[in-house]
Amino acid sequence: MTNHDELTDIAWLKGLAEEGTKAPVRGGSILFAAGLIFGTGSLVHGLTTAGILAVSPAAYGAIWGVTTVVFLVTLVVLIGRLKREGGVETAATRAFGIVWSALGWGIFSLFTSLIASDLTRAGQSDVAEWSLVIPSIIMAFYGVGWAVTATMTRSKSLWTLALASFAAAPALAVLSGTSWQYLAYAVALFGLMALPGFLLMRAAKA
């Protein structure tokens, strides 16, 4: 890479950061929806595990299947709404969308791979042990998303979300296999995804 290329990249990154501090980030509604919908799914899962809801543990797959379908339908609606609203699309907003979309596809790709691995190893006793750390894996992904977003927008509060998400990952792992794990995961999704998404959404509308 030449010095000219390096200076160009530095200038682009500087412009991206300056844009992020001046213009609100659009797309918070998607983060709000993801935190709210998957947080609710986690809450139902946790209440079922704790025996508070009279639902068969065999229904876990249905719980998360319905949760995923609801989110995908909501996602299509929200993306369409954002396109109709229009507005100025800054480089920071585009980068924000790319980062969180990539994280979503990364999570989908990872768990599709794990499920495919399970299908080829059916009958082995440790076939689903990875499922015990699903909440931790997702919170680690979210930590990366908030860290990148905080860097783009130069926001200390978003760095707090990134660090909290990273800290939540091992904390949830400690609770793996207990009735408290998915209840704690629901709290993490509501507090570290839904609430920040709502605040970003409100800031973009202001």
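A: M139 touches S165, A168, A169, L172, Y185, A188, L189 and L192, leaving aside residues up to four places away in sequence; contact here means heavy atoms within 4.5 Å. The model is predicted, so to speak of local features requires pLDDT of at least 70, side-chain atom pairs count only at pLDDT 80 or more, and totals for chains, interfaces and linings use all residues. Residues are numbered from 1 along each chain as its sequence is written, and side-chain values use heavy atoms, with hydrogens and water left out.

M139 is also one of the residues in α5 that meet α7, together with I134, P135, I138, Y142 and W146. Their partners in α7 include Y185, A188, L189 and L192. Helices are DSSP runs (H or I, at least four residues), numbered from the N terminus. Helix α5 covers residues 134-153 and helix α7 residues 181-205; they pack at about 20°, with axes 10 Å apart. Axes are lines fitted to C-alpha atoms over the stretch in contact, and angles run from 0 to 180 degrees between N-to-C directions. The angle makes α5 roughly parallel to α7, a term for angles under 35 degrees. The residues of this contact comprise 14 nonpolar, 1 polar and no charged. Nonpolar means Ala, Val, Leu, Ile, Met, Phe, Trp, Tyr, Cys and Pro; charged means Asp, Glu, Lys and Arg; the others, Gly among them, are polar.

Finally, W100, M139, Y142 and W146 touch the most other members of the largest nonpolar core, which has 37 residues. Such a core is a set of buried (under 20% relative accessible area, 1.4 Å probe, protein chains only) Ala, Val, Leu, Ile, Met, Phe, Trp, Tyr and Cys residues joined through side-chain atoms within 4.5 Å. The largest share of this core, 8 residues, comes from α5.

Notes. Helix = DSSP H or I, 4+ residues; strand = E, 2+ residues; numbered from the N terminus. Parallel < 35°, antiparallel > 145°, perpendicular 65-115°, else oblique. Buried < 20%, exposed > 50% of the residue type's maximum accessible area, 1.4 Å probe, protein only.
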